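Here's a quick briefing on a ligand site and a sheet. Have a look at the model first, then run through the notes below.

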Amino acid sequence: MCGIVGYIGPQPALPILIEGLTRLEYRGYDSAGVALLEGDAIEIRRAEGKLAVLAGQLRDERFAATLGIGHTRWATHGRPSEQNAHPHASHGLALVHNGIIENFVELRERLEQEGFRFASETDTEVIAHLIARHRRQGLAPSQAIRAALAEVRGAYAVAVVFEAEPETLYAARNGSPLVLAKGEGESFLASDIPAVLAHTREMIFMEDGDVAALSAGEITITSLAGEPVARETTHIDWNPVMAEKAGFKHFMLKEIYEQPRAINDTLAGRIHQGEQRVALADLGLDVEFLRTMRRVVMVACGTSWHAALVGKYMVEQLAGVGVEVDIASEFRYRKPIVGPRTLLVAISQSGETADTLAALRQAKAQGATTLSICNVVGSTMTREADATLYTHAGPEIGVASTKAFTTQLVVLYLLALHLGRANGRLSGDDEATLLRDLITLPTMVEEALACAPACERLAKGLAERRDVLYLGRGIHFPLALEGALKLKEISYIHAEGYPAGEMKHGPIALIDEEMPVVCLLPDDDLMEKMLSNVEEVRARDGVPIAITQPALVDTLPEGTEAITVPPCSRYLCPVVMVVPLQLLAYYVALRRGTDVDQPRNLAKSVTVE
Ligand code: F6R
């Protein structure tokens, strides 16, 4: 999730850009840069690392520019480095971009054949060269932008400056946020409100397909086809802290609501729509190895370990390959049996978790092929693993993992399909059917978010309890663990997750009228068994809360509370079902007044043993 800022007006642009980028720091980034229109030439300065590094480099330089664009980069294509930092330039123009260009590989090949030289590994640079190419063919800047954007597939918010047009700043949006703002004789653009809130509160939210031209005195918006478009100006009265969280009270809540977008970004470029097959071009592992390997071992910690447990079901059932799942801190000390025919999958949001990293190194030393599933580009695990599949969730700031988990499940599903096709277990028709389910997933997750009021209502009672039990079966058993972990880490209420079949082997002794039991009850082949568990809880005066689907509500025993989510296909159902678990934990913590985003004793990245 990159940050964009742009300015045109009477003031020196550089301090405004740097201050705006500072306000976007919460989005996380690994490098930063600015482009300034200095006289009739564009000056670009970029630096890897914190914004302070860039600001330090600029300290002794003097710029008169009153037009400029700035960027903080959260790497998606190409590791964090000065070359990959934005802005990217091409023949008299400079551009910054937030989003993912899905067809950048083919566009890059074409542009290289035409003689364009690439200076970075990014997907962004193709947009700069495409615009330059259309400029060469005689198009005016605004037309060249439109022509270039018609060729790219994917998500973008872009800002562009041209040496040939020093009075105008251009912007366009499709799928990534961009806000325009009007001050007194000056105009701004940014990927989020906080970046410009100190200057003006009058904002125009760009919509997909909009192209904007900003001059100091005026903002005009047109469609991609060049037709005029009218967009309302909105007065924003948020304070700066509210603005950082896009109006949400906590980052965790914001990140829960970002999940449909995060899933979309994770899927971008990985489904070959025409042929309806998985396209994991970024995997880079030898197909022969994938066909002949004996087993998969997954290692992870905490929430990522829960994702691995769900991934086991996906890979075993869809690809027919045996999967062992290990908590990384256990794996490293138990002399694991892994060798050259093993695929070791290390799952980690941060890519820096000490135990997971140690497990990966150990497996590698024993000859296994290693694959990391990570959210942070360039993190240690991604550098050391033989291959990496990224979850494009964007930076996760809340300590409790939410969107990283759901995007890990999406990547594991893609991996399962890829392995199933490689070893012949899945037919092309199976793959196409399973992919159709995946394509509708962001909408399902969006619809599942509608359960928030029910979660908020039930949180009132839960917040008073000392213990909560979570039960699930099959692919939903790991969700019982995840629901319990979410609740305990942010609300400090003791919670346990159990496979529902284990209840009568011990935990049932705990059940009385004081014990809420959250039961994961999708309409699947284990539904009747889960219903029996709900009955058992009710029979002992326990308080069952069923996370279920509308069709099952009437079958629930009296006295059962229900939270419903839309029905979903078998292997993707956990992605939908986890949403109420996240929201329930959030609203309970909110009632108890705990520090939701930074719970006590926890750190976002556990880099020590
Ligand atoms: C729970 C949580 C932790 C992490 C765990 C692993 O909400 O965030 O349990 O999942 O510390 O972290 P990563 O995925 O960065 O390896």
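This is a predicted model: local features need pLDDT of at least 70, side-chain atom pairs count only at pLDDT 80 or more; totals for chains, interfaces and linings use all residues.

A polar contact here means a pair of N or O atoms within 3.5 Å.

- The side chain of serine 304 puts an N or O atom 2.6 Å from an oxygen atom of the ligand.
- With glutamine 349 it's the backbone that takes part: one of its N or O atoms sits 2.7 Å from a ligand oxygen.
- Lysine 486 has a polar side-chain atom 3.0 Å from an oxygen atom of the ligand.
- On its own the ligand has 400 Å² of accessible area, and the protein covers 89% of that.

**The shell around the ligand**
- There are 14 residues around the ligand, and the ones that come nearest are Ser304, Ser348, Ser350, Thr353 and Glu489.
- By type, the shell splits into eight polar, four nonpolar and two charged residues.
- The ligand lies between domain 2 (245–424) and domain 3 (448–592), because both give residues to the shell.

**The sheet**
- Eight strands make up an open sheet with antiparallel pairing, in the order E3-E2-E4-E1-E10-E9-E11-E14.
- Strand E3 (41–48) and strand E14 (234–235) are the edge strands, each pairing on one side only.
- E14 pairs with strand E11 (residues 202–205) in the antiparallel sense, over two bridges.
- Glutamate 202 has histidine 235 in E14 as its bridge partner.

Methods: Residues are numbered from 1 along each chain as its sequence is written. Side-chain values use heavy atoms; hydrogens and water are left out. A residue is near a molecule or strand if one of its heavy atoms lies within 4 Å of it. A polar contact is a pair of N or O atoms within 3.5 Å; within protein, one must be able to donate a hydrogen and the other to accept it, and residues adjacent in sequence count only if both atoms are side-chain atoms. Accessible areas come from the Shrake-Rupley method with a 1.4 Å probe; for residues, only the protein chains shown count as cover. Ala, Val, Leu, Ile, Met, Phe, Trp, Tyr, Cys and Pro count as nonpolar, Asp, Glu, Lys and Arg as charged, and the others, Gly among them, as polar. Domain bounds come from an automatic or database domain assignment. Two strands pair if DSSP finds at least two bridges between them. Helices (H or I, at least four residues) and strands (E, at least two) are DSSP runs, numbered from the N terminus.
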